[in-house]
Amino acid sequence: MKLRHAAPALCCLLLATSAASAQSPKAAVFDFQLANLGAQGPTDADIARLGPLSDLLRQQLKDSGRYEIIAIEPVKDEVKNSSDLRKCGGCADDFARKLGADIAITGEVQKVSNLILNINVYVKDLKNGGAEKAYSVDIRGDNDLSFDHGVKYLVKNNMPISGDGRKP
């Protein structure tokens, strides 16, 4: 008789626990930066492409359910005034922590030439520590369409689905 009354309470507890653990971690996704490795400097088009590309990455990650994307606007000026997020000794992690994020995500576009480019995304779990994880996709063509396809491919095929780094 007591077991019959305890079963609904146990079910409610299990549902509440699974719902809490199913929440996506909060991620601060910083704007892409350009790592120009080619002989020519970055063009105005290269620089103009970084904002929309960053927005696309945020939207793709949000839509995938991997992360709850949090606003980076409160630290945008600090980020702008700092050095390259890939070379600042963990400043991106500090900015993300200031925002209350569980995850810091940075990205860079490596432009070798007008034909050969790489899109790199770096994910750092701030709660559990551990090594930063890097994900990369090569693209061919210095145009909006190839960049968009590259980010979509990267999120869909290269980055893990689950929080523990496994693909489904």
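Leu37 sits in the loop that runs between strand E2 (33-36) and helix H2 (44-64); helices (H or I, at least four residues) and strands (E, at least two) are DSSP runs numbered from the N terminus. Leu37 is exposed because its relative accessibility is 55%; exposed means over 50% relative accessible area, buried under 20%, and partly exposed in between (1.4 Å probe, protein chains only). The model is predicted: local features need pLDDT of at least 70, side-chain atom pairs count only at pLDDT 80 or more, and totals for chains, interfaces and linings use all residues. Residues are numbered from 1 along each chain as its sequence is written, and side-chain values use heavy atoms, with hydrogens and water left out.

**Surface patch**

**Strand pairing**

- Strand E4 (residues 103-111) and E5 run antiparallel and are joined by 9 bridges; two strands pair if DSSP finds at least two bridges between them.
- A hairpin of 4 residues connects E4 to E5.
- Gln110 faces Asn118 of E5 across this pairing.
- E5 also pairs with strand E6 (residues 133-140), in the antiparallel sense, over 8 bridges.
- Tyr122 stands opposite Ala134 in E6.
- E5 is largely enclosed by the rest of the structure, because 9 of its 10 residues are buried.
- Strand E1 (residues 26-29) runs parallel to strand E3 (residues 68-70), with 3 bridges between them.
- In that pair, Ala27 is opposite Ile69 of E3.
- E1 and E4 are also parallel and share 3 bridges.
- Val29 is opposite Ile105 of E4.

**Asn120 in E5**

- Asn120 belongs to strand E5.
- Asn120 counts as buried because its relative accessibility is 6%.
- The side chains of Asn120 and Ser136 make a polar contact of 2.6 Å. Such a contact is a pair of N or O atoms within 3.5 Å; within protein, one must be able to donate a hydrogen and the other to accept it, and residues adjacent in sequence count only if both atoms are side-chain atoms.
- Beyond its neighbours within four places in sequence, Asn120 contacts Phe32, Thr106, Gly107, Glu108, Gln110, Tyr135 and Ser136; contact means heavy atoms within 4.5 Å.

**Asp125 in E5**

- Asp125 is placed in strand E5 (residues 116-125).
- A polar atom of the Asp125 side chain lies 3.0 Å from the backbone nitrogen of Lys127.
- The Asp125 side chain also reaches the backbone nitrogen of Asn128, at 3.0 Å.
- Asp125 touches Asp102 and Ile103, with residues up to four places away in sequence not counted.
- The C-alpha atoms of Asp125 and Ile105 are 8.9 Å apart, and the two residues are separated by 20 residues along the chain.

**Salt bridges**

- The whole structure holds 13 salt bridges; each is a side-chain nitrogen of Lys or Arg within 4 Å of a carboxyl oxygen of Asp or Glu.
- Asp93 and Lys124 meet through their side chains in a salt bridge (3.7 Å, N to O). Asp93 lies in helix H4 (residues 91-98) and Lys124 in strand E5, so this pair ties together parts that are 31 residues apart in sequence.
- Asp93 is buried, at 14% relative accessibility.
- Another salt bridge joins the side chains of Arg97 and Asp94 (3.6 Å, N to O). About one helical turn separates them, because they are 3 residues apart in helix H4.
- Arg97 is partly exposed at 45% relative accessible area, and Asp94 is partly exposed at 46%.
- In helix H2, Arg58 and Asp55 are 3 residues apart, so about one helical turn separates them. Their side chains meet in a salt bridge (3.0 Å, N to O).
- Arg58 is buried, with a relative accessible area of 13%, whereas Asp55 is partly exposed at 48%.
- A network of salt bridges links Asp46, Arg49, Lys111, Asp142 and Asp144.
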